[in-house]
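Please walk through this model with its interface and its charged side chains in mind.

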Amino acid sequence: MVLAHFLGGTVCFGRKMQAGFHNCSPAPSTLSPAGGYRAATARQRPGSSRESMGTARTAGSSRAPPQGAPEDGGGGDSPPWAGARRPRSAGSPGRALSDPPNLSNLEEFPPVGSVPPGPAGTKPSRRINPTPVSEERSLSKPKTCFTSPPISCVPSSQPSALDTSPWGLGLPPGCRSLQEERAMLRKERSKQLQQSPTPTCPTPESGLLLPSRTGSLTVEPADPARVSSRQRLEVVALVYSSCIAENLVPNLFLELFFVLQLLTARRMVAAKDNDLEPSQGTLDSLESPLFQSIHDCVFFAVQVLEHQFQILSYLDKGTLKLLAENERLLCFSPALQGRLRAAYEGSIAKVSLTMPPSAQAVSFQPETDNRANFSSDRAFHTFKKQRDVFYEVLREWEDHHEEPGWDFEKGLGSRIRAMMSQLSAACSHSHFVRLFQKQLLQMYQSPGGAGGPVLGEASDVLNMLGADKLGRLRRLQERLAAPPSSGGPCPPPTFPGYQGFFKDFILSASSFQFNQHLMDSLSLKIQELNGLPLPQHEPADEDGESDVDWQGERRQFAMVLLSLRLLAKFLGFVAFLPYRGPEPPQSRELQDSIVALRSQVPPVLDVRTLLQRGLQAQRAVLTVPWLVEFLSFADYIVPLLDYYRSIFTLLLHLYRSLVLSREGEGEMCFLNKLLLLAVLGWLFQIPTVPEDFFFLEECQVDALEVDTATSERGLDSVPVVDQQLLYTCCPYIGELRKLLASWVSGSSGRSGGFVRKITPTTTTSLGAQLPPSGHGLQAQLAQAFFHNQPPSLRRTVEFVAERIGSNCVKHIKATLVADLVHQAESLIQEQRMTQSQEVGDPAQLLEILCSQLCPHGAQALTQGREFCQRKSPGAVRALLPEETPAAVLSSAENIAVGLATEKACAWLSANITALIRREVKAAVSRILRGQGPEPAARGERRGCSRACEHHAPLPSHLISEIKDVLSLAVGPRDPDEGVSPEHLEQLLGQLHQMLQCRQFLCPPAEQYLAKCSVELASLLVADQIPILGPCASHRLERGEARRLLLMLLSLWKDDFQGPVPLQLLLSPRNVGLLADTRPREWDLLLFLLRELVEKGLMDRMEIETCLGSLHEALWPEDFSEELETLTRLFLAELHLPEPQQRACELVQPSRGTVLAQS
Amino acid sequence: MLLQVRGTPSLHQSQATLLSIFSQEYQKHIKRTHSKHHTSEAIESYYQRYLNGVVKNGAAPVLLELANEVEYAPSLMARIILERFLQEHDETPPSKSVINSMLRDPSQIPDGVLANQVYQCIVNDCCYGPLVDCIKHAIGHEHEVLLRDLLLEKNLSFLDEDQLRAKGYDKTPDFILQVPVVMLCLLAVEGHIIHWIESKASFGDECSHHAYLHDQFWSYWNRFGPGLVIYWYGFIQELDCNRERGILLAACFPTDIITLCHSTA
């Protein structure tokens, strides 16, 4: 209720104006769309019905004194709504011209944000069906948001309910606005009655002429010459504009919206049953309605617009164009049109959309995500799984959330809760919350769109397509993908797009632990971003160079601001979630007890201090917008708590102080102010904020001014806000443009669909700034050094120091620590050699190794210092302007070196020992698990000569081939199956080639090949391989067998790099193969054993032990004896000077007889 | 195959593809019937048949024939009998690692006859058992090496699985490209960003692909963004449906790759 509230407001803060207004304004109430909506709709309930409306509206005003009570405050002025007092008789439409328009008629003059019927539809269904309010706030009462049409649906049976509401109390009785409101309601009801067949109320009134915005009506031309009371309108417009200019209205843009509605009204329509008697001849008197014709409406609107030109000139280019092209405006004020046209032509504020954000996963960062960051293996693996579940759920949401009938809770709820219980069990909530929060931010920072993943990412592809076509494509995509409306000039807080996923996720998870961690994390991030030392604009830099910086700074500011708003929105959502209720407490006692209870709960984040600091440091432009997002989720009790009440008061003072026309040194920039006015105005319309708050709060402006006067030039006076950011933060401002567009398109209301939501375009990452580190004189000097240098110098130095310091740590890890790990590995290998494979207790081993190696960690500091010294100056030099004075440059270099060294050494001295320990421990367990040394170390052994073309057969192929031979040998097989000796020879040859090349060989394959080769040898020795060929016996010829064994021996000795399990040759199973052959042939075994010793593959003792243990097995009698003989023979031979000769002589003569001879 | 199969139509390849498909189908069969062979009644009856068989003739392929008769993988049958045998001879049930170790090296099995029977099963099994596992592993590794060489040849720098593991990554594709590339697709104007490449030395059928998606590919996407899977033995074309989402399939190393150009300004 614009003017009505204005009148109410003057009671508190503008007495002078009040008098003036009353003297000249007879019919303000009929003008009120905004405040009035709120008054009525805030009490609206879901499930409204047509019948209830009339009474409901009365109920909405039931706070006001009973009908007929004398009015106060106006000094006995006539009631502001002209029609109410007039005697009326049925139908006198002929008098229409002199009747005041009923601007509160909803049908003809639809409320802000309501949907008018199409040209064909005349049924005013919108009055019953409020604008669908987003279901986002289903938990909180404000189903009935201020965006809905001004229809209250409180059932008539409970009219008293509102009397007891906390918001109703304390309102001065007889407040004009309420009187007017009531009058409006009465008119409203009468209209209802005319349409409704149930004549419940016999008080038809007002046959006023109403400006109509219904699209079906032909536009009535407005003529400046036919304005009825020009002077009076001029005065009212002046007063009204002054109120707007002095921020005496709760929401600046609502007023502008209203004025544009007046401008674009199609024609005046007479209300039915018009019995109004205009006071003829006294048209200019206070008694007559303000707007008597469409000419009056347009005239008034244009008058106000002329006064508000400054604001208009800051709107986006599209709005300016529509305004400048408005024929009524041209007709009534060519001068204003000229100025608007000039403003349009000079404007560069083209607000454009970016692509809708696409889902891009948060990348895995070893520094924060690897095992070392978790308390246990279990926590690590649980989190690993939950990360995947999270994205699975997100993908499913992407696929289905737009399908009708799909329900988040039904579809995903149980999975999310299962995930929560897993996380709780593993205490990994903090990790998950970090992922959750990062993903949330990333969704709104990442470029690229769902339509084409390549766009925005691969510049090469873009270039191939051509920038021009691509730009067009992008605009088309914008048009197609843009949300049709932002939901009226005062939409409720919503969670558009992906935000909906995160909101529903929180609701479905319903996990206390998760919410707590989330709040912790959000609070921390908000504080971090809010405290970010955003660079201040350097005023009028020497050259144009600062322009680039300046763009970057703006971008960075926008990025930070939008991130903060997103985080604060979720913080508010989660923090006030437990307290959200459908409506305010019903009784005073209940309310008091709740307030008492809540007063002792500390705020989730000390936003008051942050706000105070923000105001002091002149950073309101950063702090207030996110604070508003946070507070927009407050429940009904919050504004009653002392803590929050003081915040609201502070915000109100700020709002009042942001007078747009005030310009000068130290003042906030215009667009910065406009942003704050827009977001604060929006906040003041939130139903949970007491509606009378704006008018009742005592104003103590001085408190604010004292604080700000002390600090130096802050962010507020830097032009960080541009139209793009303004419209991104406050998409509802775009409703102005939509309204104008609908006038052009000939259909009013929403169907125009020109207004689109604006999403951020900036993509810069938020580089965390290095907090000033270091104390003492040097640090002070360094600070002083930066003081008079351009901020970019400081940023550069801090950046270099931060990076070099971090790189230094990485370098030490890769060099010094890696060397120590190698030493540890070789120490373990040595120990393995000396202690026959047995390494001992790993923990003990680790201790020994660490005690030897950790002292070397001390070198890290010297090496680190050296690294920073070497690397930093070059980086600083490369990044600073070439013309930087030598002294400045060298100082900057030195500071960078110092800071980098400080950072690196602080980390190293605290962590180097732990780091070495950890790496050595990993190496030990790797070796003990038999994985072998680090891949790097393995690489040295791997690989063949450069000339090799890797034509050797593949290891898998060879294992497969050998497996075939083995399976043939062990059977079952057909009698005619077998292998040729040539094939065997070829196979071993290929094995040799492959082991030489090693290109495709992996350790497990080598191990298996070694094992299979030993088995092959055993089968050869036992003569078990079926042979194809001329030899009828299917047995391998003796010489052939030896040749193959020699090939194997050479493979074992020269080609295999891993251990070969030669002891298997003497395992009971393999030796037992001999037991089955008749006659038994021991000569090949003896030959093999001799060769093993000869080639140094096994030593005598080893064989002796193996042979010894063979005796323990159960053998047939004769076999045991032969085995015994073999052992003796083997041992005896070794003591002779020429063992192999003797042995050969012994075994050669004839097979089967060897043992008998000995 | 009714579905369109994408792969290189060389003779060798198609044979390998068929083998891979056979192996997958056989594994599906085994998975379906697995539980049937693991009821206590079934185990008991197999064990009795084994004992009766070896008493008659210890050298006959008792276990292998039993496995073939009941259409179960010989290696897995060997495992069942070995487990049952050890249960009978030791008080405590044998641990999994002991069983695995005995299957890898049957000479550790205390009973010589059983050791021979088990060994026979393992060398005669074409789809299961430690030997086959090793061959599969080797094939996988060989294709990774192949891929590595192709990456080196194209001058694309990457981090391999071992390096990633050393850095503590929780999920590790075969290769992460240090600088992403765009892969252009045949008959398509648009390209696709690739951050990682996974080599799969098998045929990409529906079943295995879905398992891989769930266990590996989406996990990679969740951490590293879009990437490429190479099914060296081909795949069912219809499975390549997540391109827009960031999982690309190919049957060989892509030929059309666009790399990030460094401007010379």
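A network of salt bridges links A:Asp388, B:Asp170 and B:Arg223, where a salt bridge is a side-chain nitrogen of Lys or Arg within 4 Å of a carboxyl oxygen of Asp or Glu.

Residues are numbered from 1 along each chain as its sequence is written, chains are lettered from A and ligands numbered from 1 in the order in which they are written, and side-chain values use heavy atoms, with hydrogens and water left out.

The contact between the chains (heavy atoms within 4.5 Å) takes 54 residues from chain A and 54 residues from chain B. Together the two chains bury about 4500 Å², 61% of it on carbon and sulfur atoms; buried area is the accessible area (1.4 Å probe) that two parts lose on being put together, summed over both. Of the area that chain A buries against chain B, A:Arg395, A:Lys963 and A:Arg1069 supply 16%, more than any other three residues.

Which salt bridges lie within chain A? One of them joins the side chains of A:Asp592 and A:Arg588 at 3.6 Å, N to O, and both residues lie in helix α22 (residues 588–599) of chain A, four residues apart, about one turn of the helix. Helices are DSSP runs of H or I with at least four residues, strands are runs of E with at least two, and both are numbered from the N terminus. A:Asp592 is partly exposed at a relative accessible area of 39%, and A:Arg588 is partly exposed at 46%; here buried means under 20% relative accessible area, exposed over 50%, and partly exposed in between (1.4 Å probe, protein chains only).

A:Arg877 and A:Glu893 also meet through their side chains in a salt bridge, at 2.8 Å, N to O. Because A:Arg877 lies in helix α34 (residues 859–879) of chain A and A:Glu893 in helix α35 (residues 886–928) of chain A, the pair ties together parts that are 16 residues apart in sequence. A:Arg877 is partly exposed at 45% relative accessibility, whereas A:Glu893 is buried at 11%.

In chain B, B:Thr17 lies in helix α1 (residues 11–37) and counts as buried at 13% relative accessibility. Leaving aside residues up to four places away in sequence, B:Thr17 touches B:Phe203 and B:Tyr233, and the side chain of B:Thr17 reaches the backbone oxygen of B:Tyr233 at 3.2 Å. Chain B as a whole has nine helices and eight strands, and 52% of its 265 residues count as buried.

Some caution is needed with chain A, which averages a pLDDT (the predictor's confidence in each residue, from 0 to 100) of 70, with 63% of the residues scoring at least 70. Over residues 446–470 of chain A, pLDDT stays under 50, and the model has 42 contacts beyond four places in sequence for this stretch. Where pLDDT is low, the predicted coordinates should not be read in detail.

Terms used: Predicted model: local features only at pLDDT ≥ 70, side-chain atom pairs only at ≥ 80, totals over all residues. Polar contact = N/O pair within 3.5 Å; in protein donor to acceptor, adjacent residues only side chain to side chain.
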